[in-house]
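Good morning, and thank you for coming.

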Amino acid sequence: MNTQANAMPESARESQAAAPAAIPANRLFYWSLRRELWESRYIYIAPLAAAGLFLVGFLIGTIHLPGKMRAALALSPEQQYELIQQPYQFAELLLMGTFLIVAGIYCLDALYGERRDRSILFWKSLPVSDLTTVLAKASIPVVILPLLTFAITVATQWIMALLSTVVLLGSGMSAVTLWNHLPLFQMWLGLFDHLVAFHGFWYAPIYCWLLLVSAWARRAPFLWATLPLLAIGIVEKIAFNSSHFAALLQYRFAGGPETAEFEAGHASMDSLIHLHPGQILISPGLWIGFVVAAGFLAAAVRLRRYRDPI
Amino acid sequence: MACIEARGLRKAFKTTIALDGVNLRVEEGRIMGLIGPNGAGKTTALNAILGLTQYQGELRVLGRDPWAERDQLMRDVCFIADVAVLPRWIKVSQLLDYVTGVHPRFDRAKAEGFLAKTTIGRASRVRELSKGMVTQLHLALVMAIDAKLLVLDEPTLGLDILYRKQFYDSLLNDYFDRNRTIVVATHQVEEIQHVLTDLMFIDRGRIVFECSMEELESRYLEVMVRPEQLAAARALKPMHDRQGIGGSVLLFDGADRQRLAAFGDVRTPSISDLFVAVIGNPAGQAQGAAR
(Lines give C-alpha, C1' and ligand atoms only; values in the text may rest on other atoms or scores of the structure.)
Protein backbone atom coordinates (compact mmCIF):
# COMPACT_ATOMS: atom_id res chain seq x y z
CA MET A 1 0.00 0.00 0.00
CA ASN A 2 2.92 2.30 0.66
CA THR A 3 4.05 2.37 -2.91
CA GLN A 4 0.60 3.49 -3.95
CA ALA A 5 0.65 6.27 -1.39
CA ASN A 6 3.97 7.49 -2.69
CA ALA A 7 2.66 7.68 -6.20
CA MET A 8 -0.02 10.14 -5.16
CA PRO A 9 0.35 13.89 -5.56
CA GLU A 10 1.14 16.18 -2.65
CA SER A 11 -2.43 17.27 -2.06
CA ALA A 12 -3.50 13.68 -1.77
CA ARG A 13 -0.89 12.81 0.78
CA GLU A 14 -2.21 15.27 3.34
CA SER A 15 -5.56 13.61 3.61
CA GLN A 16 -3.89 10.24 3.56
CA ALA A 17 -1.97 11.08 6.69
CA ALA A 18 -5.20 11.76 8.52
CA ALA A 19 -6.73 8.36 7.81
CA PRO A 20 -5.18 4.93 7.40
CA ALA A 21 -4.58 4.06 3.76
CA ALA A 22 -6.32 0.73 3.93
CA ILE A 23 -8.43 -1.41 6.17
CA PRO A 24 -6.88 -4.80 6.99
CA ALA A 25 -8.33 -7.69 5.01
CA ASN A 26 -9.62 -9.50 8.09
CA ARG A 27 -11.68 -6.47 9.10
CA LEU A 28 -13.15 -6.18 5.62
CA PHE A 29 -14.03 -9.86 5.81
CA TYR A 30 -15.57 -9.46 9.25
CA TRP A 31 -17.83 -6.63 8.12
CA SER A 32 -18.75 -8.50 4.95
CA LEU A 33 -19.85 -11.37 7.15
CA ARG A 34 -21.82 -9.05 9.42
CA ARG A 35 -23.55 -7.72 6.34
CA GLU A 36 -24.62 -11.23 5.31
CA LEU A 37 -26.08 -11.92 8.73
CA TRP A 38 -27.96 -8.61 8.67
CA GLU A 39 -29.27 -9.20 5.20
CA SER A 40 -30.27 -12.84 5.57
CA ARG A 41 -31.51 -13.00 9.11
CA TYR A 42 -33.14 -16.35 8.41
CA ILE A 43 -29.65 -17.86 8.71
CA TYR A 44 -30.11 -17.85 12.47
CA ILE A 45 -33.83 -17.20 12.81
CA ALA A 46 -34.84 -20.37 10.94
CA PRO A 47 -32.83 -22.83 13.09
CA LEU A 48 -33.77 -20.95 16.27
CA ALA A 49 -37.43 -21.14 15.30
CA ALA A 50 -37.12 -24.84 14.46
CA ALA A 51 -35.42 -25.51 17.80
CA GLY A 52 -38.00 -23.44 19.67
CA LEU A 53 -40.87 -25.24 18.00
CA PHE A 54 -39.29 -28.58 18.71
CA LEU A 55 -38.81 -27.70 22.38
CA VAL A 56 -42.47 -26.69 22.71
CA GLY A 57 -43.46 -30.05 21.28
CA PHE A 58 -41.00 -31.82 23.51
CA LEU A 59 -42.26 -29.99 26.60
CA ILE A 60 -45.82 -31.07 25.88
CA GLY A 61 -44.54 -34.59 25.27
CA THR A 62 -42.89 -34.76 28.71
CA ILE A 63 -46.34 -35.50 30.16
CA HIS A 64 -45.79 -39.05 29.01
CA LEU A 65 -42.18 -39.15 30.11
CA PRO A 66 -42.59 -40.74 33.56
CA GLY A 67 -44.74 -43.50 32.08
CA LYS A 68 -42.29 -43.99 29.25
CA MET A 69 -39.36 -44.28 31.64
CA ARG A 70 -41.22 -46.82 33.74
CA ALA A 71 -41.95 -48.88 30.62
CA ALA A 72 -38.33 -48.53 29.50
CA LEU A 73 -37.09 -50.30 32.63
CA ALA A 74 -38.68 -53.49 31.36
CA LEU A 75 -36.83 -53.30 28.02
CA SER A 76 -33.44 -54.60 27.02
CA PRO A 77 -30.52 -52.14 27.40
CA GLU A 78 -30.29 -51.62 23.63
CA GLN A 79 -33.96 -50.80 23.33
CA GLN A 80 -33.58 -48.46 26.30
CA TYR A 81 -30.86 -46.55 24.49
CA GLU A 82 -32.97 -46.27 21.41
CA LEU A 83 -36.06 -45.14 23.25
CA ILE A 84 -34.27 -42.51 25.31
CA GLN A 85 -32.08 -41.13 22.56
CA GLN A 86 -34.78 -41.03 19.91
CA PRO A 87 -36.04 -37.47 20.58
CA TYR A 88 -32.46 -36.19 20.76
CA GLN A 89 -31.65 -37.67 17.39
CA PHE A 90 -34.85 -36.26 16.03
CA ALA A 91 -33.78 -32.78 17.18
CA GLU A 92 -30.45 -33.26 15.40
CA LEU A 93 -32.13 -34.34 12.19
CA LEU A 94 -34.56 -31.45 12.29
CA LEU A 95 -31.81 -28.89 12.72
CA MET A 96 -29.64 -30.51 10.05
CA GLY A 97 -32.56 -30.41 7.65
CA THR A 98 -33.11 -26.75 8.48
CA PHE A 99 -29.41 -26.13 7.89
CA LEU A 100 -29.52 -27.64 4.40
CA ILE A 101 -32.66 -25.78 3.38
CA VAL A 102 -31.29 -22.49 4.70
CA ALA A 103 -27.92 -23.07 3.01
CA GLY A 104 -29.60 -23.81 -0.34
CA ILE A 105 -31.86 -20.78 -0.22
CA TYR A 106 -29.03 -18.56 0.96
CA CYS A 107 -26.53 -19.62 -1.70
CA LEU A 108 -28.98 -19.23 -4.57
CA ASP A 109 -29.86 -15.71 -3.46
CA ALA A 110 -26.47 -14.49 -2.25
CA LEU A 111 -25.12 -13.11 -5.51
CA TYR A 112 -28.45 -12.90 -7.32
CA GLY A 113 -30.42 -10.75 -4.88
CA GLU A 114 -27.89 -7.94 -4.78
CA ARG A 115 -28.00 -7.67 -8.56
CA ARG A 116 -31.77 -7.84 -8.67
CA ASP A 117 -32.27 -4.96 -6.23
CA ARG A 118 -29.28 -3.09 -7.71
CA SER A 119 -27.72 -2.72 -4.28
CA ILE A 120 -24.60 -4.26 -5.84
CA LEU A 121 -23.89 -0.74 -7.13
CA PHE A 122 -23.74 0.46 -3.55
CA TRP A 123 -21.57 -2.45 -2.36
CA LYS A 124 -19.24 -1.90 -5.26
CA SER A 125 -18.93 1.79 -4.41
CA LEU A 126 -17.05 0.78 -1.27
CA PRO A 127 -13.44 -0.39 -1.09
CA VAL A 128 -14.28 -4.08 -0.67
CA SER A 129 -13.06 -6.48 -3.35
CA ASP A 130 -15.26 -8.99 -5.12
CA LEU A 131 -13.07 -11.75 -3.70
CA THR A 132 -13.67 -10.67 -0.11
CA THR A 133 -17.40 -10.43 -0.72
CA VAL A 134 -17.69 -13.83 -2.38
CA LEU A 135 -15.51 -15.53 0.25
CA ALA A 136 -17.64 -14.03 3.02
CA LYS A 137 -20.75 -15.37 1.30
CA ALA A 138 -19.23 -18.82 0.81
CA SER A 139 -18.18 -19.04 4.43
CA ILE A 140 -21.81 -18.78 5.57
CA PRO A 141 -22.77 -22.34 4.50
CA VAL A 142 -19.29 -23.83 4.85
CA VAL A 143 -18.33 -22.48 8.27
CA ILE A 144 -20.98 -20.31 9.93
CA LEU A 145 -24.01 -22.56 9.46
CA PRO A 146 -22.30 -25.75 10.74
CA LEU A 147 -21.06 -23.96 13.86
CA LEU A 148 -24.39 -22.23 14.39
CA THR A 149 -26.33 -25.46 13.89
CA PHE A 150 -24.00 -27.20 16.31
CA ALA A 151 -24.47 -24.53 18.97
CA ILE A 152 -28.24 -24.51 18.60
CA THR A 153 -28.47 -28.31 18.63
CA VAL A 154 -26.31 -28.53 21.75
CA ALA A 155 -28.43 -25.90 23.50
CA THR A 156 -31.64 -27.66 22.42
CA GLN A 157 -30.50 -31.08 23.63
CA TRP A 158 -29.23 -29.61 26.87
CA ILE A 159 -32.59 -27.96 27.51
CA MET A 160 -34.34 -31.24 26.61
CA ALA A 161 -32.25 -33.16 29.12
CA LEU A 162 -32.83 -30.57 31.83
CA LEU A 163 -36.57 -30.49 31.18
CA SER A 164 -36.71 -34.28 31.34
CA THR A 165 -34.77 -34.32 34.60
CA VAL A 166 -37.07 -31.76 36.19
CA VAL A 167 -40.16 -33.65 35.06
CA LEU A 168 -38.80 -36.99 36.31
CA LEU A 169 -37.75 -35.58 39.67
CA GLY A 170 -41.11 -33.82 39.94
CA SER A 171 -42.94 -37.09 39.57
CA GLY A 172 -40.73 -38.67 42.22
CA MET A 173 -38.58 -40.73 39.85
CA SER A 174 -34.84 -40.92 39.51
CA ALA A 175 -33.17 -39.36 36.46
CA VAL A 176 -30.23 -41.75 36.63
CA THR A 177 -31.50 -44.09 33.90
CA LEU A 178 -32.01 -41.13 31.61
CA TRP A 179 -28.53 -39.73 32.09
CA ASN A 180 -26.91 -43.14 31.93
CA HIS A 181 -28.39 -43.69 28.51
CA LEU A 182 -27.67 -40.22 27.25
CA PRO A 183 -23.95 -39.75 26.51
CA LEU A 184 -24.50 -36.12 25.57
CA PHE A 185 -20.86 -35.14 25.41
CA GLN A 186 -20.01 -38.03 23.13
CA MET A 187 -23.03 -37.27 20.97
CA TRP A 188 -21.90 -33.69 20.64
CA LEU A 189 -18.41 -34.66 19.56
CA GLY A 190 -19.84 -36.80 16.81
CA LEU A 191 -22.31 -34.11 15.86
CA PHE A 192 -19.60 -31.49 15.61
CA ASP A 193 -17.54 -33.71 13.36
CA HIS A 194 -20.51 -34.52 11.21
CA LEU A 195 -21.71 -30.93 10.84
CA VAL A 196 -18.32 -29.38 10.14
CA ALA A 197 -16.71 -32.11 8.07
CA PHE A 198 -19.74 -33.39 6.20
CA HIS A 199 -22.38 -30.65 5.99
CA GLY A 200 -19.78 -27.91 5.82
CA PHE A 201 -16.68 -29.21 4.04
CA TRP A 202 -17.95 -32.21 2.09
CA TYR A 203 -20.86 -30.20 0.70
CA ALA A 204 -18.65 -27.17 -0.12
CA PRO A 205 -18.67 -27.79 -3.91
CA ILE A 206 -22.46 -27.95 -3.84
CA TYR A 207 -22.72 -24.60 -2.07
CA CYS A 208 -20.15 -23.05 -4.37
CA TRP A 209 -21.99 -24.34 -7.41
CA LEU A 210 -25.14 -22.66 -6.14
CA LEU A 211 -23.20 -19.43 -5.52
CA LEU A 212 -21.81 -19.58 -9.03
CA VAL A 213 -25.28 -19.95 -10.52
CA SER A 214 -26.57 -17.11 -8.37
CA ALA A 215 -23.79 -14.89 -9.73
CA TRP A 216 -24.59 -15.90 -13.28
CA ALA A 217 -28.35 -16.29 -13.67
CA ARG A 218 -30.46 -13.40 -14.87
CA ARG A 219 -33.55 -15.04 -13.52
CA ALA A 220 -34.69 -18.27 -11.87
CA PRO A 221 -31.36 -19.29 -10.31
CA PHE A 222 -32.97 -22.38 -8.80
CA LEU A 223 -33.86 -23.74 -12.22
CA TRP A 224 -30.42 -22.93 -13.61
CA ALA A 225 -28.81 -24.68 -10.68
CA THR A 226 -30.80 -27.88 -11.01
CA LEU A 227 -32.13 -28.42 -14.54
CA PRO A 228 -28.75 -28.47 -16.34
CA LEU A 229 -27.54 -31.19 -13.94
CA LEU A 230 -30.66 -33.18 -14.62
CA ALA A 231 -30.22 -32.63 -18.36
CA ILE A 232 -26.62 -33.85 -18.29
CA GLY A 233 -27.71 -36.98 -16.44
CA ILE A 234 -30.50 -37.69 -18.90
CA VAL A 235 -28.38 -37.01 -21.99
CA GLU A 236 -25.67 -39.29 -20.66
CA LYS A 237 -28.20 -42.02 -20.01
CA ILE A 238 -29.72 -41.74 -23.48
CA ALA A 239 -26.47 -41.28 -25.41
CA PHE A 240 -24.18 -43.71 -23.61
CA ASN A 241 -26.62 -45.65 -21.46
CA SER A 242 -24.43 -44.95 -18.48
CA SER A 243 -25.01 -42.93 -15.34
CA HIS A 244 -21.60 -41.78 -14.20
CA PHE A 245 -22.73 -38.21 -13.74
CA ALA A 246 -25.70 -39.24 -11.64
CA ALA A 247 -23.41 -41.47 -9.60
CA LEU A 248 -21.03 -38.59 -9.12
CA LEU A 249 -23.82 -36.38 -7.81
CA GLN A 250 -25.09 -39.13 -5.58
CA TYR A 251 -21.60 -39.68 -4.21
CA ARG A 252 -21.37 -36.00 -3.34
CA PHE A 253 -24.82 -35.73 -1.81
CA ALA A 254 -24.75 -38.97 0.13
CA GLY A 255 -21.15 -38.57 1.21
CA GLY A 256 -18.35 -40.87 0.07
CA PRO A 257 -16.66 -42.39 3.09
CA GLU A 258 -19.71 -41.99 5.29
CA THR A 259 -22.04 -43.93 3.06
CA ALA A 260 -19.60 -46.82 3.01
CA GLU A 261 -20.36 -47.48 6.62
CA PHE A 262 -23.89 -46.30 6.26
CA GLU A 263 -24.58 -49.06 3.76
CA ALA A 264 -22.57 -51.59 5.68
CA GLY A 265 -25.56 -52.05 7.92
CA HIS A 266 -25.29 -49.46 10.68
CA ALA A 267 -28.08 -47.54 9.13
CA SER A 268 -28.93 -45.46 12.14
CA MET A 269 -28.35 -41.80 12.72
CA ASP A 270 -26.28 -42.76 15.70
CA SER A 271 -23.68 -44.63 13.70
CA LEU A 272 -23.60 -41.95 11.05
CA ILE A 273 -22.46 -39.35 13.51
CA HIS A 274 -20.25 -41.69 15.47
CA LEU A 275 -17.73 -42.33 12.76
CA HIS A 276 -14.15 -41.80 13.70
CA PRO A 277 -13.75 -38.09 14.02
CA GLY A 278 -11.82 -36.53 11.22
CA GLN A 279 -12.14 -39.60 9.02
CA ILE A 280 -13.64 -37.57 6.26
CA LEU A 281 -10.74 -35.11 6.39
CA ILE A 282 -8.31 -37.64 4.97
CA SER A 283 -10.56 -38.81 2.17
CA PRO A 284 -9.41 -37.69 -1.29
CA GLY A 285 -13.04 -36.98 -2.18
CA LEU A 286 -13.05 -34.09 0.26
CA TRP A 287 -9.96 -32.50 -1.22
CA ILE A 288 -11.13 -32.99 -4.78
CA GLY A 289 -14.32 -31.32 -3.66
CA PHE A 290 -12.35 -28.38 -2.30
CA VAL A 291 -10.56 -27.93 -5.61
CA VAL A 292 -13.85 -27.99 -7.50
CA ALA A 293 -15.35 -25.57 -4.98
CA ALA A 294 -12.41 -23.20 -5.41
CA GLY A 295 -12.94 -23.28 -9.18
CA PHE A 296 -16.63 -22.45 -8.80
CA LEU A 297 -15.78 -19.62 -6.40
CA ALA A 298 -13.17 -18.15 -8.72
CA ALA A 299 -15.75 -18.12 -11.50
CA ALA A 300 -18.29 -16.50 -9.16
CA VAL A 301 -15.80 -13.76 -8.24
CA ARG A 302 -15.20 -13.08 -11.90
CA LEU A 303 -18.87 -13.04 -12.71
CA ARG A 304 -19.63 -10.64 -9.89
CA ARG A 305 -17.13 -8.32 -11.44
CA TYR A 306 -18.53 -8.54 -14.96
CA ARG A 307 -22.23 -8.92 -14.44
CA ASP A 308 -24.41 -5.83 -14.57
CA PRO A 309 -27.33 -5.36 -12.24
CA ILE A 310 -30.39 -7.13 -13.61
CA MET B 1 -2.31 15.22 -12.57
CA ALA B 2 -5.77 15.15 -14.06
CA CYS B 3 -8.40 13.51 -11.91
CA ILE B 4 -9.87 11.63 -14.84
CA GLU B 5 -8.16 11.10 -18.14
CA ALA B 6 -9.59 9.05 -20.97
CA ARG B 7 -8.27 8.50 -24.44
CA GLY B 8 -10.15 6.62 -27.12
CA LEU B 9 -12.56 5.08 -24.66
CA ARG B 10 -14.76 2.53 -26.41
CA LYS B 11 -17.47 0.24 -25.22
CA ALA B 12 -19.73 -1.80 -27.42
CA PHE B 13 -22.68 -3.86 -26.30
CA LYS B 14 -24.20 -6.58 -28.42
CA THR B 15 -26.26 -4.30 -30.62
CA THR B 16 -25.11 -0.79 -29.76
CA ILE B 17 -21.94 1.20 -29.42
CA ALA B 18 -22.23 3.00 -26.10
CA LEU B 19 -18.89 4.80 -26.18
CA ASP B 20 -17.29 5.57 -29.49
CA GLY B 21 -13.80 6.87 -28.84
CA VAL B 22 -14.35 9.23 -25.93
CA ASN B 23 -11.53 11.56 -24.99
CA LEU B 24 -11.95 13.49 -21.83
CA ARG B 25 -9.93 15.13 -19.14
CA VAL B 26 -11.25 16.39 -15.85
CA GLU B 27 -8.87 18.39 -13.70
CA GLU B 28 -8.83 18.29 -9.94
CA GLY B 29 -11.13 20.75 -8.21
CA ARG B 30 -13.74 20.99 -10.96
CA ILE B 31 -17.44 20.28 -11.03
CA MET B 32 -18.11 18.78 -14.41
CA GLY B 33 -21.56 18.33 -15.84
CA LEU B 34 -21.96 15.48 -18.31
CA ILE B 35 -25.08 16.20 -20.29
CA GLY B 36 -26.60 14.06 -23.00
CA PRO B 37 -29.83 12.60 -24.33
CA ASN B 38 -31.07 9.23 -23.19
CA GLY B 39 -28.83 6.45 -24.39
CA ALA B 40 -25.98 8.82 -25.24
CA GLY B 41 -23.51 6.84 -23.15
CA LYS B 42 -23.48 8.90 -19.94
CA THR B 43 -24.00 6.02 -17.58
CA THR B 44 -21.62 3.78 -19.50
CA ALA B 45 -18.93 6.45 -19.29
CA LEU B 46 -19.49 6.85 -15.55
CA ASN B 47 -19.51 3.08 -15.05
CA ALA B 48 -16.18 2.83 -16.83
CA ILE B 49 -14.78 5.57 -14.58
CA LEU B 50 -16.05 3.68 -11.52
CA GLY B 51 -14.61 0.34 -12.61
CA LEU B 52 -18.05 -1.19 -12.99
CA THR B 53 -17.71 -1.99 -16.64
CA GLN B 54 -14.95 -3.14 -18.92
CA TYR B 55 -13.83 -0.90 -21.78
CA GLN B 56 -11.31 -0.55 -24.55
CA GLY B 57 -8.95 2.38 -24.70
CA GLU B 58 -7.03 4.22 -22.05
CA LEU B 59 -8.56 5.40 -18.82
CA ARG B 60 -6.91 6.61 -15.64
CA VAL B 61 -8.84 7.78 -12.63
CA LEU B 62 -6.68 9.31 -9.91
CA GLY B 63 -3.79 7.58 -11.59
CA ARG B 64 -5.36 4.13 -11.42
CA ASP B 65 -6.93 1.75 -13.89
CA PRO B 66 -10.50 1.55 -12.60
CA TRP B 67 -11.31 -1.89 -14.00
CA ALA B 68 -8.23 -3.53 -12.53
CA GLU B 69 -8.16 -1.67 -9.23
CA ARG B 70 -11.77 -0.93 -8.37
CA ASP B 71 -11.57 -1.77 -4.71
CA GLN B 72 -8.49 0.39 -4.07
CA LEU B 73 -9.91 3.18 -6.19
CA MET B 74 -13.09 3.22 -4.12
CA ARG B 75 -11.14 4.53 -1.15
CA ASP B 76 -10.90 7.83 -3.00
CA VAL B 77 -14.02 7.77 -5.13
CA CYS B 78 -17.66 8.01 -4.07
CA PHE B 79 -20.68 7.29 -6.15
CA ILE B 80 -24.40 7.99 -6.06
CA ALA B 81 -26.42 6.34 -8.82
CA ASP B 82 -29.63 7.35 -10.52
CA VAL B 83 -31.96 5.18 -8.54
CA ALA B 84 -31.53 4.59 -4.87
CA VAL B 85 -29.10 1.71 -4.64
CA LEU B 86 -28.92 1.51 -0.87
CA PRO B 87 -30.05 -1.99 0.11
CA ARG B 88 -33.66 -1.78 1.18
CA TRP B 89 -33.32 -4.15 4.11
CA ILE B 90 -30.54 -2.32 5.88
CA LYS B 91 -31.04 -0.20 8.98
CA VAL B 92 -29.55 3.28 9.09
CA SER B 93 -27.45 2.31 12.11
CA GLN B 94 -26.17 -0.81 10.33
CA LEU B 95 -25.28 1.24 7.30
CA LEU B 96 -23.23 3.59 9.46
CA ASP B 97 -21.56 0.65 11.21
CA TYR B 98 -20.73 -1.04 7.94
CA VAL B 99 -19.27 1.97 6.18
CA THR B 100 -17.29 2.82 9.32
CA GLY B 101 -16.01 -0.74 9.26
CA VAL B 102 -14.89 -0.93 5.65
CA HIS B 103 -14.03 2.63 4.62
CA PRO B 104 -10.74 4.10 5.83
CA ARG B 105 -11.82 7.65 5.10
CA PHE B 106 -15.29 7.65 6.54
CA ASP B 107 -15.92 10.11 9.36
CA ARG B 108 -18.87 8.73 11.26
CA ALA B 109 -19.36 11.80 13.43
CA LYS B 110 -19.67 13.92 10.34
CA ALA B 111 -22.29 11.61 8.85
CA GLU B 112 -24.22 11.62 12.13
CA GLY B 113 -24.05 15.42 12.02
CA PHE B 114 -25.59 15.54 8.54
CA LEU B 115 -28.25 13.02 9.54
CA ALA B 116 -29.13 15.07 12.63
CA LYS B 117 -30.36 17.80 10.30
CA THR B 118 -32.82 15.37 8.71
CA THR B 119 -35.73 13.41 10.11
CA ILE B 120 -34.10 10.07 9.36
CA GLY B 121 -34.21 7.79 12.41
CA ARG B 122 -31.28 5.55 13.26
CA ALA B 123 -33.51 2.50 13.68
CA SER B 124 -35.38 2.90 10.38
CA ARG B 125 -34.76 0.56 7.53
CA VAL B 126 -34.07 2.04 4.11
CA ARG B 127 -37.30 0.57 2.75
CA GLU B 128 -39.27 2.65 5.25
CA LEU B 129 -37.75 5.93 4.06
CA SER B 130 -39.13 8.14 1.31
CA LYS B 131 -37.15 8.52 -1.87
CA GLY B 132 -35.97 11.97 -0.82
CA MET B 133 -34.81 10.65 2.54
CA VAL B 134 -32.89 7.80 0.94
CA THR B 135 -31.03 10.32 -1.20
CA GLN B 136 -30.37 12.46 1.89
CA LEU B 137 -29.02 9.39 3.65
CA HIS B 138 -26.76 8.42 0.78
CA LEU B 139 -25.55 12.00 0.48
CA ALA B 140 -24.83 12.13 4.21
CA LEU B 141 -22.70 8.97 3.88
CA VAL B 142 -20.87 10.22 0.83
CA MET B 143 -20.18 13.69 2.23
CA ALA B 144 -18.65 12.14 5.32
CA ILE B 145 -16.13 10.29 3.17
CA ASP B 146 -12.98 12.25 2.52
CA ALA B 147 -12.86 11.27 -1.15
CA LYS B 148 -11.19 12.98 -4.05
CA LEU B 149 -13.76 12.23 -6.69
CA LEU B 150 -17.51 12.12 -6.38
CA VAL B 151 -19.51 10.67 -9.26
CA LEU B 152 -23.23 11.42 -9.44
CA ASP B 153 -25.48 9.76 -11.99
CA GLU B 154 -28.86 11.50 -12.10
CA PRO B 155 -28.71 11.92 -8.33
CA THR B 156 -31.90 13.94 -8.01
CA LEU B 157 -34.11 11.97 -10.37
CA GLY B 158 -37.62 11.68 -8.98
CA LEU B 159 -37.05 14.05 -6.08
CA ASP B 160 -39.24 17.05 -5.40
CA ILE B 161 -37.94 20.60 -5.87
CA LEU B 162 -37.06 21.12 -2.22
CA TYR B 163 -34.91 18.01 -1.99
CA ARG B 164 -33.24 18.77 -5.30
CA LYS B 165 -32.30 22.27 -4.27
CA GLN B 166 -31.12 21.06 -0.89
CA PHE B 167 -29.04 18.33 -2.50
CA TYR B 168 -26.89 20.70 -4.53
CA ASP B 169 -26.78 23.32 -1.78
CA SER B 170 -25.35 20.77 0.65
CA LEU B 171 -22.85 19.57 -1.91
CA LEU B 172 -21.58 23.08 -2.57
CA ASN B 173 -21.62 24.39 0.98
CA ASP B 174 -20.64 21.38 3.07
CA TYR B 175 -18.62 19.24 0.73
CA PHE B 176 -16.97 20.75 -2.26
CA ASP B 177 -13.52 22.28 -2.00
CA ARG B 178 -10.50 22.74 -4.25
CA ASN B 179 -9.16 19.27 -3.58
CA ARG B 180 -12.28 17.48 -4.65
CA THR B 181 -13.71 16.81 -8.06
CA ILE B 182 -17.34 16.17 -8.86
CA VAL B 183 -18.69 14.65 -12.05
CA VAL B 184 -22.45 14.81 -12.42
CA ALA B 185 -24.55 13.39 -15.21
CA THR B 186 -28.09 14.65 -15.37
CA HIS B 187 -31.02 15.71 -17.49
CA GLN B 188 -32.13 18.36 -15.07
CA VAL B 189 -29.70 20.93 -16.38
CA GLU B 190 -31.40 24.08 -15.11
CA GLU B 191 -30.70 23.31 -11.49
CA ILE B 192 -27.01 22.63 -11.98
CA GLN B 193 -26.28 25.60 -14.23
CA HIS B 194 -24.91 27.60 -11.31
CA VAL B 195 -23.20 24.66 -9.70
CA LEU B 196 -20.93 23.56 -12.53
CA THR B 197 -17.49 24.81 -13.44
CA ASP B 198 -17.29 22.75 -16.62
CA LEU B 199 -19.68 21.41 -19.15
CA MET B 200 -19.53 18.46 -21.48
CA PHE B 201 -22.15 17.23 -23.94
CA ILE B 202 -22.18 13.62 -24.97
CA ASP B 203 -24.18 12.27 -27.86
CA ARG B 204 -24.19 8.82 -29.39
CA GLY B 205 -21.08 7.79 -27.57
CA ARG B 206 -19.02 10.83 -28.43
CA ILE B 207 -18.13 14.01 -26.61
CA VAL B 208 -19.59 16.62 -28.94
CA PHE B 209 -18.99 19.76 -26.93
CA GLU B 210 -16.98 20.88 -23.97
CA CYS B 211 -16.25 24.18 -22.34
CA SER B 212 -15.83 25.78 -18.95
CA MET B 213 -18.64 27.87 -17.54
CA GLU B 214 -16.50 31.02 -17.82
CA GLU B 215 -16.03 30.23 -21.46
CA LEU B 216 -19.74 29.68 -21.84
CA GLU B 217 -20.43 33.12 -20.44
CA SER B 218 -17.88 34.91 -22.57
CA ARG B 219 -18.37 33.06 -25.84
CA TYR B 220 -22.04 32.27 -26.19
CA LEU B 221 -24.70 34.94 -26.34
CA GLU B 222 -28.40 34.72 -26.88
CA VAL B 223 -30.51 37.58 -28.12
CA MET B 224 -34.24 38.03 -28.55
CA VAL B 225 -34.67 39.64 -31.95
CA ARG B 226 -37.64 41.72 -33.04
CA PRO B 227 -39.18 40.44 -36.31
CA GLU B 228 -38.18 43.50 -38.37
CA GLN B 229 -34.49 42.95 -37.54
CA LEU B 230 -34.49 39.21 -37.99
CA ALA B 231 -32.85 39.22 -41.41
CA ALA B 232 -30.04 41.51 -40.28
CA ALA B 233 -29.43 39.34 -37.18
CA ARG B 234 -29.44 36.13 -39.18
CA ALA B 235 -26.76 37.60 -41.40
CA LEU B 236 -24.40 37.29 -38.40
CA LYS B 237 -24.74 33.50 -38.66
CA PRO B 238 -26.30 32.38 -35.41
CA MET B 239 -25.59 28.79 -34.46
CA HIS B 240 -29.20 28.28 -33.49
CA ASP B 241 -32.51 29.90 -34.14
CA ARG B 242 -35.70 29.24 -32.21
CA GLN B 243 -39.07 30.79 -31.64
CA GLY B 244 -39.54 32.51 -28.28
CA ILE B 245 -42.73 34.07 -26.97
CA GLY B 246 -41.93 37.63 -28.10
CA GLY B 247 -39.91 36.87 -31.23
CA SER B 248 -37.03 34.76 -32.45
CA VAL B 249 -34.23 33.82 -30.12
CA LEU B 250 -30.86 33.59 -31.81
CA LEU B 251 -27.84 31.95 -30.25
CA PHE B 252 -24.39 33.15 -31.31
CA ASP B 253 -20.95 31.71 -30.83
CA GLY B 254 -18.26 34.36 -30.40
CA ALA B 255 -20.30 37.30 -31.66
CA ASP B 256 -19.68 40.86 -30.55
CA ARG B 257 -21.90 41.77 -27.61
CA GLN B 258 -22.20 45.45 -28.70
CA ARG B 259 -23.44 44.55 -32.15
CA LEU B 260 -25.96 42.06 -30.81
CA ALA B 261 -27.27 44.61 -28.32
CA ALA B 262 -28.69 46.54 -31.24
CA PHE B 263 -31.16 43.71 -31.92
CA GLY B 264 -32.50 43.32 -28.39
CA ASP B 265 -31.68 42.02 -24.93
CA VAL B 266 -28.44 40.04 -24.86
CA ARG B 267 -27.97 37.32 -22.26
CA THR B 268 -25.98 34.18 -21.58
CA PRO B 269 -27.85 31.15 -22.90
CA SER B 270 -29.03 28.46 -20.53
CA ILE B 271 -27.33 25.10 -20.72
CA SER B 272 -30.46 23.54 -22.13
CA ASP B 273 -30.64 26.08 -24.97
CA LEU B 274 -27.01 25.53 -25.74
CA PHE B 275 -27.58 21.80 -25.60
CA VAL B 276 -30.38 21.98 -28.13
CA ALA B 277 -28.26 24.23 -30.34
CA VAL B 278 -25.28 21.88 -30.26
CA ILE B 279 -26.93 18.50 -30.36
CA GLY B 280 -30.37 19.18 -31.76
CA ASN B 281 -29.49 21.15 -34.83
CA PRO B 282 -26.68 19.72 -36.91
CA ALA B 283 -27.95 16.19 -36.68
CA GLY B 284 -31.46 17.41 -37.45
CA GLN B 285 -32.94 15.45 -34.58
CA ALA B 286 -33.95 18.16 -32.16
CA GLN B 287 -36.68 15.96 -30.79
CA GLY B 288 -34.35 13.37 -29.40
CA ALA B 289 -32.04 15.91 -27.87
CA ALA B 290 -34.55 18.31 -26.41
CA ARG B 291 -35.45 15.99 -23.57
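I begin with a pairing in chain B: R242(B) has V249(B) as its bridge partner in β12(B). This is a predicted model, in which local features need pLDDT of at least 70, side-chain atom pairs count only at pLDDT 80 or more, and totals for chains, interfaces and linings use all residues. Residues are numbered from 1 along each chain as its sequence is written, while chains are lettered from A and ligands numbered from 1 in the order in which they are written.

Helices (H or I, at least four residues) and strands (E, at least two) are DSSP runs, numbered from the N terminus. Two strands pair if DSSP finds at least two bridges between them.

Strand β11 (residues 240-243) of chain B pairs with β12(B) in the antiparallel sense, over four bridges. Four residues lie between the strands of this hairpin, where G247(B) has a positive phi near 145°. Strand β10 (residues 220-225) of chain B is also antiparallel to β12(B), with six bridges; there, Y220(B) has D253(B) as its bridge partner.

Why is strand β12 of chain B largely enclosed by the rest of the structure? Five of its six residues, 248-253, are buried; buried means that 20 or more other C-beta atoms, placed from the backbone, lie within 10 Å of the residue's own.

I turn to the contact between the chains. Chain B contributes 29 residues and chain A 28 residues, where contact requires C-beta atoms, placed from the backbone, within 7 Å. On the side of chain B that touches chain A, α3(B) gives the largest share, five residues.

Note on methods. A residue is buried if 20 or more other C-beta atoms lie within 10 Å of its own, exposed if 12 or fewer, and partly exposed in between; C-beta atoms are placed from the backbone. Two residues are in contact if their C-beta atoms, placed from the backbone, lie within 7 Å.
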